[in-house]
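Please keep the sequence and the structure in view while reading.

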Amino acid sequence: MRGTLPPLILLAGLLAFALWNGGRIADDTARWRAQLQQADALAQSGSWDSSAAALAESHADWNKSQTYLHVVSQHSAVDEAEAMYRRCQAFAAARELSEFQAELAGLREQLRLLAEMEQFSIRNIL
């Protein structure tokens, strides 16, 4: 029993971290998606300056987590979301509603997938 205790403690620690990480990523991405939804609603109402400000606020919030996301997530998924944020900002500056909404929808989906990739599930393990 003595020889199996350290590996069991290590496995329990890894499981706890996996569960915590999945929850953290899910909470963060839900917050970012809500911020993007607000930016979309503002753009639809014609408040482009407010929409751009909401988008910039969401991007700043996203940037605070970049180091952590690059450690625990796939770099390609994080980099793609970053590129989508930048395209959204360009469409907001150009006031292109249809392009802006399409890119926002894609970004919200990318964030959902990012959270899904970090969930502790049998599908992600296998």
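## Arg108 and its surroundings

Leaving aside residues up to four places away in sequence, Arg108 touches Arg33, Leu36, Gln37 and Asp40, where contact means heavy atoms within 4.5 Å. The model is a predicted one, in which local features need pLDDT of at least 70 and side-chain atom pairs count only at pLDDT 80 or more, while totals for chains, interfaces and linings use all residues. Residues are numbered from 1 along each chain as its sequence is written, and side-chain values use heavy atoms, with hydrogens and water left out.

Arg108 is found in helix H5, helices being DSSP runs of H or I with at least four residues, numbered from the N terminus. With a relative accessibility of 15%, Arg108 counts as buried; on this scale buried means under 20% relative accessible area, exposed means over 50%, and partly exposed lies in between, using a 1.4 Å probe and protein chains only. Ala41, by contrast, is found in helix H1 and is partly exposed, with a relative accessible area of 43%. Ala41 and Arg108 are 67 residues apart in sequence, and their C-alpha atoms are 14 Å apart in space.

## Salt bridges between helices

The structure holds 10 salt bridges, a salt bridge being a side-chain nitrogen of Lys or Arg within 4 Å of a carboxyl oxygen of Asp or Glu. One of them joins Asp40 to Arg108, with the closest N and O atoms 3.9 Å apart. Asp40 lies in helix H1 (residues 5-44) and Arg108 in helix H5 (residues 97-118), so this pair ties together parts that are 68 residues apart in sequence. Both Asp40 and Arg108 are buried.

A salt bridge also forms between Asp61 and Arg31, whose closest N and O atoms are 2.7 Å apart. Because Asp61 lies in helix H2 and Arg31 in helix H1, the pair ties together parts that are 30 residues apart in sequence. Asp61 is buried, with a relative accessible area of 13%, whereas Arg31, at 35% relative accessibility, counts as partly exposed.

## Glu103 between H5 and H4

Glu103 is found in helix H5 and forms a salt bridge with Arg87, the closest N and O atoms being 2.9 Å apart. Since Arg87 lies in helix H4, the pair ties together parts that are 16 residues apart in sequence. Glu103 is buried, with a relative accessible area of 14%, while Arg87 is partly exposed, with a relative accessible area of 32%. Elsewhere, salt bridges that share partners join Arg24, Asp28, Arg31 and Asp61 into one network.

Not counting residues up to four places away in sequence, Glu103 touches Met84, Arg87, Cys88 and Phe91. Of these contacts, Met84 is 19 residues from Glu103 in sequence and 6.7 Å from it in space, C-alpha to C-alpha.

## Packing of H1 against H2

The axes of H1 and H2 come within 7 Å and cross at roughly 170°; axes here are lines fitted to C-alpha atoms, for helices over the stretch in contact, and angles run from 0 to 180 degrees between N-to-C directions. H1 and H2 are therefore roughly antiparallel to each other, given that angles over 145 degrees count as roughly antiparallel, those under 35 as roughly parallel, 65 to 115 as roughly perpendicular and the rest as oblique. H1 passes H2 in a left-handed crossing, meaning that the near helix is turned anticlockwise from the far one by less than a right angle, clockwise being right-handed.

On the H1 side, Arg31, Trp32, Gln35, Leu36, Ala39, Leu42 and Ala43 meet Trp48, Ser50, Ser51, Ala54, Leu55, Ser58, Asp61 and Trp62 of H2. The residues of this contact divide into 9 nonpolar, 4 polar and 2 charged, where Ala, Val, Leu, Ile, Met, Phe, Trp, Tyr, Cys and Pro count as nonpolar, Asp, Glu, Lys and Arg as charged, and the others, Gly among them, as polar.

## Packing of H2 against H4

Helix H2 (residues 48-63) and helix H4 (residues 75-94) pack at an angle of about 160°, with their axes 10 Å apart, which makes H2 roughly antiparallel to H4. The crossing of H2 and H4 is left-handed. H2 contributes Trp48, Ala52, Leu55, Ala56, Ser58, His59, Trp62 and Asn63 to the contact, and H4 contributes Val78, Ala81, Glu82, Tyr85, Arg86, Cys88, Gln89, Phe91 and Ala92. By class, the contact of H2 with H4 has 11 nonpolar, 4 polar and 2 charged residues.

Definitions and conventions. Helices (H or I, at least four residues) and strands (E, at least two) are DSSP runs, numbered from the N terminus.
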